[in-house]
Amino acid sequence: MNIEEHLQELTVKILRSACDLHITEQQVIVNHTRSDVEGDYTVVMFPFVKALKLSPDAVGAILGPKIIEGSKYFSDSSVVKGFLNFTLTKEYYQDTLARIAEDKDYGRKVKQGKSVIVEFCSPNTNKPLHLGHIRNILLGWSMSMILDELGYDVVKTQIINDRGIAVCKSMIAWQKFGAGATPSSTGIKSDHFVGKYYVEFNKKLKAEYAIWQATDAGKAHYNLHKKEDQSPEEFFKAYKNNYFNEFSALGKEAKEMLLRWEANDTEVKELWKKMNNWVYEGFETTYKTLGVEFDKLYYESQTYLLGKEYIEKGLEKDTFYKKEDGSVWIDLEAKKLDHKLVLRSDGTSVYMTQDIGTAEKRYEETPAEKMIYVVGDEQEYHFKVLFEILKKINVPYADGLYHLSYGMVDLPTGRMKSREGTVVDADDLIAEIIQEAENSAKERGELEEITKEEQKEIYRKIGLSALKFFILRVSAKRRMVFDPKESLDMQGQTGPYIQNAYVRIASVLRRNEHALSGYDGYTDLHSTEKVLIKEIAKYPLILQDAADKYDPSLMANYAYNLAKCFHRFYHDVSILKAENEAARNFRLLLSKQVALVLKKSMRLLGIEMPEKM
């Protein structure tokens with residue numbers, strides 16, 4: 001039991017016995033005491049004042065002395081403006097540190113026999129992974145690790161978008177312009193190789209479109225369809241999709257290839273398999289570099305026909321309705337979501353249909369308490385509709401559906417565009433930031449005594465820590481700018497800053513591993529020691545809060561705050577030259593527990609800790 005729960009339990013017990021007021025522990029609000037008020041923890045009086053018909057001071061006069069009498073962990077109390085503040089005793093700090101040190105699985109919960117499915121990444125097979133994918137992957141992986149730490153059986157999955165017109169664009173471009181080249185013949189990483197032809201297709205299409213605009217046909221369309229006072233530049237910018245679908249020779253070839261794929265044309269399917277396999281090989285390399293793996297893969301080429309049977313059942317129960325043209329819809333106006341198409345008039349599926357079918361297929365394979373979809377915020381409406389439909393067809397997991405929506409990632413130079421080849425590839429970014437970590441370490445000259453292989457491993461850990469932490473420290477819903485240089489700042493809110501705290505502790509402990517007991521005589525704790533103990537005691541609460549709110553940034557910012565508290569402690573208090581042996585041993589044990597909690601917290605973000613840096 002943590003100190004907040006202990007305080008809640010005592011408050012409930014005393015109010016019941018002394019005032020005959022029956023409340024639950026959830027009704028007792030406990031906060032950290034404000035920095036400008038004396039005390040450590042605060043109980044809010046206002047919820048009890050009305051029921052007891054007493055002033056906050058009167059309620060505090062009842063509660064304060066009895067809580068102190070009933071617990072060895074609270075000493076002084078005071079009521080300030082309706083808030084009852086308590087000061088912790090030295091026994092609290094000693095007992096808390098001892099309890100945490102004795103718990104080898106501190107914060108981790110035993111398996112609950114409950115499953116969670118976390119879908120993340122879900123890339124297209126027409127291009128390599130980029131910076132936006134990295135944010136998706138890191139969020140999904142971190143949520144998976146957090147839920148695993150809380151005792152869930154987590155299934156990490158993705159649905160790979162391996163079909164459609166975008167994939168056909170890469171295939172057509174390779175056929176027309178590739179001249180038989182392969183990843184191995186060019187030395188290009190295989191997913192980058194395929195992405196190169198997606199960009200090439202769009203470059204050729206852009207050139208084709210420019211030529212068409214100057215033809216009599218293009219000019220005629222402009223004159224016929226332009227809006228009043230619309231310039232040719234404005235018109236043709238808005239008209240490009242129409243051009244692709246109606247007039248483009250390249251567009252015609254791509255659409256014909258898609259039709260051949262859907263008709264199971266042998267030649268097209270073989271090319272499709274070959275190029276997709278190139279992409280999968282490249283993806284796997286990137287996942288390995290990021291330290292990410294998946295338990296189950298789904299492919300859109302296998303799921304795009306799913307869901308129709310659930311629509312048919314829903315029609316029988318009037319959950320859905322059919323229009324005169326044969327298309328099937330659902331009315332979600334009561335949920336302010338309008339009417340939504342679920343089957344076209346020709347009987348073909350839309351994305352919503354296959355998402356319904358995929359959710360059901362997943363549940364059949366893994367009956368899960370929760371299904372978490374890590375997908376960008378541009379899909380918020382889609383998931384609101386999907387979840388409402390699944391509720392209406394009464395799936396057993398409807399209350400456990402969650403869309404972990406996240407904002408775009410920009411660079412200091414601005415937005416990225418896949419079609420124009422201006423995205424920041426994940427591999428290039430990872431390599432760049434690891435190289436920056438190496439350059440920075442070499443400037444400090446602190447790793448010269450170890451081997452080149454050991455140095456390389458440390459550079460990797462620092463670089464990936466910089467990348468992962470900088471992205472995960474920002475709440476998912478916020479749009480963000482990723483700045484590679486800022487992410488490596490050893491004095492900023494960064495992964496390397498936290499790693500540095502861990503490395504400092506590791507350095508001290510390597511020379512003093514035996515001296516972690518025999519501190520009973522140490523009672524006059526320094527303020528920074530008290531702060532550190534209170535911080536490490538928060539770990540289970542932060543872990544649960546991050547899971548409840550689907551927000552890994554809570555864990556990231558907790559790790560930063562803990563590291564910051566340790567750096568302050570390290571600056572203000574001597575460990576090895578402490579005033580006596582008991583103080584020295586206490587501080588060594590405290591430092592070790594801080595290191596362990598830092599390592600746990602960073603592991604949940606997918607970050608490894610170096611022993612040197």
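Visitor: How many cavities of 30 Å³ or more does the structure hold?
Guide: This is a predicted model, and it holds 1 cavity of that size. About 40 Å³ of space lies in the largest cavity.

Visitor: What makes a space a cavity rather than a pocket?
Guide: A 1.4 Å probe fits in a cavity but cannot get out, whereas a pocket is open.

Visitor: Which residues line the largest cavity?
Guide: The lining is made by Ala437, Ser440, Arg444, Ile462, Leu488, Met490 and Pro496. Helix H17, residues 426-444, gives the most to this lining, with 3 residues.

Visitor: How is the lining of the largest cavity divided into nonpolar, polar and charged residues?
Guide: There are 5 nonpolar residues, 1 polar and 1 charged. Arg counts as charged, and Arg444 is among the lining residues.

Visitor: Why is helix H6 called roughly perpendicular to helix H8?
Guide: Helix H6 (residues 165-177) and helix H8 (residues 190-213) pack at an angle of about 85°, and their axes are 8 Å apart. Angles of 65 to 115 degrees count as roughly perpendicular, so H6 is roughly perpendicular to H8.

Visitor: Which residues of H6 and H8 meet?
Guide: On the H6 side they include Ala166, Ile172, Trp174 and Phe177; on the H8 side they include Phe193, Tyr197, Glu200 and Lys204. The residues of this contact divide into 10 nonpolar, 2 polar and 3 charged.

Visitor: What is the order of the strands in the open sheet?
Guide: The 5 strands have the order E7-E6-E5-E11-E12, with parallel pairing.

Visitor: What makes E7 and E12 edge strands?
Guide: Strand E7 (296-299) and strand E12 (401-406) each pair on one side only. From one strand to the next, the twist averages 20°.

Visitor: How do you know that E5 and E11 count as paired?
Guide: Strands pair if there are at least two bridges between them. Strand E5 (residues 115-119) is joined to strand E11 (residues 370-376) by 4 bridges, so E5 and E11 meet the cut-off. The two strands run parallel, and Ile117 stands opposite Met371 in E11.

Visitor: Which helix packs on the sheet and touches E11 and E12, and what is its direction?
Guide: Helix H16 (residues 380-392) does, and its direction makes about 180° with that of E12.

Visitor: What does helix H5 lie across?
Guide: Helix H5 (residues 131-149) lies across E5, strand E6 (153-160), E11 and E12, and runs at about 140° to E12.

How values were computed: Residues are numbered from 1 along each chain as its sequence is written. This is a predicted model: local features need pLDDT of at least 70, side-chain atom pairs count only at pLDDT 80 or more; totals for chains, interfaces and linings use all residues. Side-chain values use heavy atoms; hydrogens and water are left out. On a 1 Å grid over the protein atoms alone, a cavity is a set of points where a 1.4 Å probe fits but cannot get out, and a pocket is an open set with protein on both sides within 12 Å along at least five of seven lines; lining residues have an atom within 4 Å of a point. Grid points are joined across faces, edges and corners, and a volume is the space filled by probe spheres set on the points. Axes are lines fitted to C-alpha atoms, for helices over the stretch in contact, and angles run from 0 to 180 degrees between N-to-C directions. Angles under 35 degrees count as roughly parallel, over 145 as roughly antiparallel, 65 to 115 as roughly perpendicular and the rest as oblique. Contact means heavy atoms within 4.5 Å.
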